[in-house]
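Please look over the sequence and the structure before reading the points below.

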Amino acid sequence: MPLPWLQIIDAVIGVSNFARSRRTGAVTDELQQQQQLETAARTPGGLEARMAGVVVAALKEAFDRDTRRLELERDQLAAERERADRALRLELRRQAADHEIGRLRLLAGVAVAGWLVTLVLAIWPGSRMVATVGARVALGGGWLLLGAALAASFSAQARVAAALTSGSGSPSATDDAVTSGAAGAAALWLIVCGLTVVGVAALVA
């Protein structure tokens, strides 16, 4: 059987033409890419514009990061300052409470001492402080006043301690002054009046 030489030759020519066209297409694509790159490079401001955009974006990100960091540091400083102010107010409040309690204890000691001294003088042998009814009444009134002063002093001390305890956990309470109230003010005057009445009892006797 004779070989189809013409068909074989046509097939070989077709394959070679196909390979040549593929190679030519690849070369054409490479040339087009090179031309595009050269065109982009020759375009005025093309590469510079892209670089400028990248630099601006980086600068904006850095600026935002610094801004957030500064805001965080500012908030931390404000919180620390607030804590320091609160600690200072609490310390001043505690010192004022200690001072007031010390004053009230002194008044209580004066009241007890005055009552004991007048009691000793009243029961001393040969004492004339209880010789008359008027002296006894005045001495009893003085003792009542001194006892009331002692009770007022204890009540005022309890009030100051309660105010200090309640104010240690409340931010708004630190702005309030620690006072002993009316009981603390009355304790001093009750002592003065009691000692005065005791003195009157001694004069009457």
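This is a predicted model: local features need pLDDT of at least 70, side-chain atom pairs count only at pLDDT 80 or more; totals for chains, interfaces and linings use all residues.

Residues are numbered from 1 along each chain as its sequence is written, and side-chain values use heavy atoms, with hydrogens and water left out. The chain has 4 helices and 0 strands, where helices (H or I, at least four residues) and strands (E, at least two) are DSSP runs numbered from the N terminus.

**Overall make-up**

- Along the sequence the pattern reads α-α-α-α.
- Of the 205 residues in the chain, 18% are buried; buried means under 20% relative accessible area, exposed over 50%, and partly exposed in between (1.4 Å probe, protein chains only).
- Among contacts in the chain with a separation of 6 or more, 82% are between residues 24 or more positions apart; contact means heavy atoms within 4.5 Å.

**Nonpolar cores**

- A nonpolar core is a set of buried Ala, Val, Leu, Ile, Met, Phe, Trp, Tyr and Cys residues joined through side-chain atoms within 4.5 Å.
- The largest nonpolar core holds 13 residues, and Leu104, Leu107, Val160 and Ile191 have the most contacts inside it.
- Helix 2 (46-123), helix 3 (133-167) and helix 4 (181-204) each give two or more residues to this core.
- A second, separate core has 5 residues, including Ala122, Ala138, Leu139 and Val198.
- In soluble globular proteins, nonpolar side chains tend to be buried together.
- Not counting residues up to four places away in sequence, Leu104 touches Ser153, Ala156, Gln157, Val160, Ser180 and Gly184.

**Helix 4**

- Helix 4 has 24 residues, which at 1.5 Å a residue should span 34 Å; the end C-alpha atoms are 35 Å apart, in agreement. The expected span is 1.5 Å times one less than the number of residues.
- A kink of about 25 degrees is centred on Ala187 in helix 4. The bend at a residue is the angle between axes fitted to the seven residues ending there and the seven starting there.
- The buried residues in helix 4 include Gly184, Ala187, Ile191, Gly194, Val198 and Ala201.

**Single residues**

- Ser153 is found in helix 3 and counts as buried because its relative accessible area is 0%.
- Leaving out residues up to four places away in sequence, Ser153 touches Leu104, Arg105, Ala108 and Ala187.
- Glu100 lies in helix 2 and is buried, with a relative accessible area of 12%.
- Apart from its neighbours within four places in sequence, Glu100 is in contact with Val160 and Ser180.
- Thr132 sits in the loop between helix 2 and helix 3 and is partly exposed, at 31% relative accessible area.
- Thr132 and Ala201 are 69 residues apart along the chain, and their C-alpha atoms are separated by 9.3 Å.

**Salt bridges**

- The whole structure contains 7 salt bridges, each a side-chain nitrogen of Lys or Arg within 4 Å of a carboxyl oxygen of Asp or Glu.
- Side chains of opposite charge can pair when their charged atoms come close.
- One of these salt bridges joins Arg94 and Asp98 (2.8 Å, N to O); both residues lie in helix 2, 4 residues apart, about one turn of the helix.
- Arg94 is partly exposed at 34% relative accessible area, and Asp98 is partly exposed at 39%.
- Salt bridges that share partners join Asp66, Arg69 and Glu73 into one network.
- Arg69 counts as partly exposed because its relative accessibility is 41%, and Asp66 is partly exposed at 34%.
- Glu82 and Arg89 also form a salt bridge through their side chains (3.8 Å, N to O).
- Glu82 is partly exposed, with 45% relative accessible area, and Arg89 is partly exposed, with 26%.
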